[in-house]
Amino acid sequence: MEAFSTVFIPNKGVVLAGSLFRLARTSELKLDFNPFVDQFKNEFSKNSLDQEEAPLHKEKWREFLKLTKSHPLDLEIGTGAGHHFAHHSQTQPNRFILGLEAKYKPLVQSIRRALDAGAQNAFMVRYNAYHIEELFSEEEIDNVYIHHPDPWPKKKHFKHRLIQDGYLDRLWIIQKSDTFIEFKTDSRDYFDWSLERFNNSKYKKIEHTFDLHNSEYIGDNFVTQFEQIFLNKNQPIYWAKLYK
Ligand SMILES: C[S@@+](CC[C@H](N)C(=O)[O-])C[C@H]1O[C@@H](n2cnc3c(N)ncnc32)[C@H](O)[C@@H]1O
């Protein structure tokens, strides 16, 4: 009987040599290759963690990041290309920022952008943000930034929206007191949905506007990549700040 030989391919694991041949023939291998996985795991391994290791640092993030027990530790959920992530690290050198992303490309873009700007106070984590309680314990986090999360516009997909009653409860638990969540979206429908949940949440005060750029809250707002897309179309940006 013919012996099966196996080959290891990054991101695919061990495959039979025969199937490798079939994949190569259909150029599926080429299409599957994601250069950002390699960069994330090698080039930026000192400044980021993948999902297998990240939960091991629950309750110990400050220790792991060599911060004092009281050092401000902020969290950005869904950093995208990382413009705000890098801006925060540059403009607030006395705070540390952790970025949470699901996808490798934005993970790499975010950490690269921050490091290129000289950041020593920024770290990226690959994790599904829905399961935030697996990463952080009670009162481990300071301020939270959620900018333009995926709006999931179809009714049958509402369950995938990040903002849910239970999710706000979990964020409230992991945040210290006297901290905030800054939330922005370009979707009116998602904003209405979120406001309803914000008002039912444990957060003690909620400020909001249906047009951030023509409001008293514009202050030191930083325009994110997605925000710019909608500003270019003359569409309003919906904004809220929740205080714990
Ligand atoms: C629409 S983009 C917004 C990016 C950026 N915040 C901005 O304002 O330009 C949403 C980002 O959230 C990330 N994301 C979506 N669902 C996520 C999840 N469950 N956990 C972590 N990141 C997620 C996506 O990969 C994407 O980079």
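Helices, of at least four residues, and strands, of at least two, are taken here as DSSP runs numbered from the N terminus. On that basis the protein chain of this predicted model comes to nine helices and ten strands. Of its 244 residues, 31% count as buried, and among contacts between residues at least 6 apart in sequence, 74% join residues at least 24 apart.

The shell around the ligand consists of 19 residues, the closest being G78, G80, A129, T224 and F226. Helix 9, which spans residues 225-232, and strand 5, which spans residues 96-101, each supply at least two residues of this shell, and the largest share, three residues, comes from helix 9. The composition of the shell by class is set out below.

| Class in the shell around the ligand | Count |
|---|---|
| Nonpolar | seven residues |
| Polar | eight residues |

Is L75 buried or exposed? L75 is buried because 27 other C-beta atoms lie within 10 Å, where the cut-off for a buried residue is 20 or more. When its neighbours within four places in sequence are left aside, L75 is in contact with L98, L100, I141 and V144. L75 and N143, although 68 residues apart in sequence, are 6.3 Å apart in space, taken from C-alpha to C-alpha.

Note on methods. Residues are numbered from 1 along each chain as its sequence is written. This is a predicted model: local features need pLDDT of at least 70, side-chain atom pairs count only at pLDDT 80 or more; totals for chains, interfaces and linings use all residues. A residue is near a molecule or strand if its C-beta atom, placed from the backbone, lies within 6 Å of it. Ala, Val, Leu, Ile, Met, Phe, Trp, Tyr, Cys and Pro count as nonpolar, Asp, Glu, Lys and Arg as charged, and the others, Gly among them, as polar. A residue is buried if 20 or more other C-beta atoms lie within 10 Å of its own, exposed if 12 or fewer, and partly exposed in between; C-beta atoms are placed from the backbone. Two residues are in contact if their C-beta atoms, placed from the backbone, lie within 7 Å.
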